[in-house]
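Please keep the structure in view while reading.

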Amino acid sequence: LEDKIRDLEFSQSDQQNIMLEMERRLKESEKIAKQMSLQSGPPICQAFTVIVRQGNRKLIWNITNNNEIPPAIWTTYQPLGDDEGEPEVLPSHVTKVSTNDCTAMVTTLETFCAYSGLYTLHTEGKNTGKVTVKLDMIEHILNEATQ
């Protein structure tokens, strides 16, 4: 019986040492995570707004960022003169993602503009580097065969 008691005490002591080591590792990883979040800073948010005065247009956004981590990208729509309402998030259609000389990532996004209004491209991310946007606007012609 005394041998079993010693075995249990040893087992308990071993488990306590394991728990202390796990707590130490957890505190260390939390400390490292906190340092990394302070270094990276808050997310960088940018907005690029275009006024579309005529419906049935397509906006082609070419978004370039100089880091391999792309920013979050979304577009919103708000009718002209509707300053009180919340902008509506639109579905986005990514048509191309490529690299530019291995130093930048280029994402091409298309937005169909059925109505006139404010169309805004939003980008948000940490460590995304400089984000630039090139915009083309073309008339959107519906293909009768796909309807």
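The side chains of Glu 110 and Lys 58 meet in a salt bridge, with N and O 3.6 Å apart; the term denotes a side-chain nitrogen of Lys or Arg within 4 Å of a carboxyl oxygen of Asp or Glu. Glu 110 belongs to strand 6 (residues 104-113) and Lys 58 to strand 2 (residues 57-65), so this pair ties together parts that lie 52 residues apart in sequence. Lys 58 counts as buried, at 19% relative accessibility. Here buried means under 20% relative accessible area, exposed means over 50%, and partly exposed covers what lies in between (1.4 Å probe, protein chains only).

The model is a predicted one, in which local features need pLDDT of at least 70 and side-chain atom pairs count only at pLDDT 80 or more, while totals for chains, interfaces and linings use all residues. Residues are numbered from 1 along each chain as its sequence is written, and side-chain values use heavy atoms, leaving out hydrogens and water.

By the salt-bridge rule, the count comes to 4. One of them links Arg 24 with Glu 21, whose closest N and O atoms are 2.7 Å apart. Both residues lie in helix 1, 3 residues apart, which is about one turn of the helix. Arg 24 is partly exposed, at 47% relative accessibility, and Glu 21 is likewise partly exposed, with a relative accessible area of 29%. Salt bridges with shared partners join Glu 21, Arg 24 and Arg 25 into one network.

Helix 1 (residues 2-40) also holds Arg 6 and Asp 3, which are 3 residues apart and thus separated by about one helical turn. Their side chains form a salt bridge at 2.3 Å, N to O. Arg 6 is partly exposed, with a relative accessible area of 47%.

How many helices and strands does the chain have? There are 1 helix and 8 strands, where helices (H or I, at least four residues) and strands (E, at least two) are DSSP runs, numbered from the N terminus. Along the sequence they follow the pattern α-β-β-β-β-β-β-β-β. Of the contacts (heavy atoms within 4.5 Å) between residues at least 6 apart in sequence, 77% join residues at least 24 apart.

Buried residues account for 23% of the 147 residues in the chain. The accessible surface, computed by the Shrake-Rupley method with a 1.4 Å probe, comes to about 10,900 Å², and 54% of this belongs to carbon and sulfur atoms.
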